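Here's a quick tour of a protein model, written for someone who likes to know the cut-offs behind the words. Have the viewer open while you read.

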Amino acid sequence: MIGNVERVTPSKHAQERRDTILKAALRVFGQSGFAGAKMDQIAAAADLSKGSLYLYFPSKDSLLHSLLERYALLPELPEMMASLGDTPPALAIPTLIAEIWRLLRERKELARAIRAIRREIQSNAEHGELFAEKIGLPSYQSLAGYLDRWMDRGVLRRQNALAAAQCLIGMLWFFLLTQEVMGAKDLYPLSDETIVTTVAWIFLDGTAQAKKHPEHTAAGGGRHQES
């Protein structure tokens with residue numbers, strides 16, 4: 001007896017083909033940069049003819065635009081933040097940092113491609129805006145909402161929550177680029193534990209030796225209440 005066979009519709013086939021091309025473009029841009037990448041290379045990496053590639057993407061520019069729309073850096077973060085609920089920062093932030101670091105390490109190819117195409121993003125206002133909107137902002141906003149709640153409660157120092165969120169993710173992003181993409185791991189290897197605990201400590205407590213005063217509380221996680 002022949003089992004049920006899933007029917008592949010033309011639209012589904014086209015979407016699968018687009019996904020294959022975008023993954024191939026991600027690899028080629030990561031290896032050659034945007035300027036150095038050729039459509040022939042991308043077609044070969046996707047196991048397609050150049051003519052077939054042009055049916056889906058007429059130019060490198062259209063490929064880049066679709067890549068920026070398709071790949072969010074941390075699409076899981078909003079759900080992760082929601083799952084934290086009312087877990088206080090002293091417990092939640094180290095756990096969150098460890099999970100973000102794990103996810104970023106799994107996306108080395110994406111990081112390599114973003115690094116390779118950064119000049120194109122910076123020189124093109126439309127691409128720069130799309131990068132900020134699709135890749136960065138969704139992650140920063142969900143984390144900022146959590147931080148803002150604990151700032152309101154006086155547990156975290158009051159500051160710009162969106163900037164603080166970008167700072168946290170930015171530290172991990174820098175470690176990803178240096179350790180995993182640019183080869184610094186061969187020169188000065190840092191363990192996952194070192195990276196996670198260092199970022200958590202800097203973010204929660206800062207690098208300065210703070211003086212205790214009467215308003216210092218355990219709930220503040222080592223931080224001063226604003227007078």
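## Ground rules

Helices (H or I, at least four residues) and strands (E, at least two) are DSSP runs, numbered from the N terminus. This is a predicted model, where local features need pLDDT of at least 70 and side-chain atom pairs count only at pLDDT 80 or more, while totals for chains, interfaces and linings use all residues. Residues are numbered from 1 along each chain as its sequence is written, and side-chain values use heavy atoms, with hydrogens and water left out.

## The overall picture

The protein chain has 12 helices and 0 strands. Read from the N terminus, the elements go α-α-α-α-α-α-α-α-α-α-α-α.

Of the 227 residues in the chain, 40% are buried. Buried here means under 20% relative accessible area, exposed means over 50%, and partly exposed is in between (1.4 Å probe, protein chains only). As for contacts (heavy atoms within 4.5 Å), take those between residues at least 6 apart in sequence: 66% of them join residues at least 24 apart.

## How α6 packs on α10

Two packed helices are described by the angle between their axes and the distance between the axes. For helix α6 (residues 89–106) and helix α10 (residues 161–181), the axes come within 10 Å and cross at roughly 40°. The axes are lines fitted to C-alpha atoms, for helices over the stretch in contact, and angles run from 0 to 180 degrees between N-to-C directions. Angles under 35 degrees count as roughly parallel, over 145 as roughly antiparallel, 65 to 115 as roughly perpendicular and the rest as oblique, so α6 and α10 are oblique to each other. Their crossing is right-handed, which in this scheme means that the near helix is turned clockwise from the far one by less than a right angle.

Who does the touching? On the α6 side the residues are I93, I97, I100, W101, L104 and R105, and they meet L168, L172, W173, F175, L176 and E180 of α10. The residues of this contact divide into 10 nonpolar, no polar and 2 charged.

## Salt bridges

The structure holds 11 salt bridges, each a side-chain nitrogen of Lys or Arg within 4 Å of a carboxyl oxygen of Asp or Glu. Among them is a pair inside one helix: E99 and R102 both lie in α6, 3 residues apart, about one turn of the helix. Their side chains meet at 2.5 Å, N to O. E99 is partly exposed at 28% relative accessible area, and R102 is partly exposed too, at 39%.

A salt bridge also joins D86 and R153, with the closest N and O atoms 3.1 Å apart. D86 sits in the loop between α5 and α6 and R153 in the loop between α9 (125–152) and α10, so the pair ties together parts that are 67 residues apart in sequence. D86 is exposed at 55% relative accessibility, whereas R153 is partly exposed at 44%.

Then there's a network: R105, K108, E180, K185 and D192 are linked by salt bridges. Within it, the side chains of K185 and E180 meet at 2.9 Å, N to O. K185 is partly exposed at 31% relative accessibility, but E180 is buried at 11%.

## Around α5

M80 belongs to helix α5 (residues 77–84) and, at 15% relative accessibility, counts as buried. Leaving out residues up to four places away in sequence, M80 touches L96, E99, I100 and L103.

G85 is in the loop between α5 and α6 and is partly exposed, with a relative accessible area of 30%. Beyond its neighbours within four places in sequence, G85 is in contact with Y146 and R149.

Which residue has a positive phi although it is not a glycine? That's D47, with a phi of about 60°. D47 is found in the loop between α2 (39–45) and α3 (50–56), and is exposed with a relative accessible area of 69%.

Terms used
Ala, Val, Leu, Ile, Met, Phe, Trp, Tyr, Cys and Pro count as nonpolar, Asp, Glu, Lys and Arg as charged, and the others, Gly among them, as polar.
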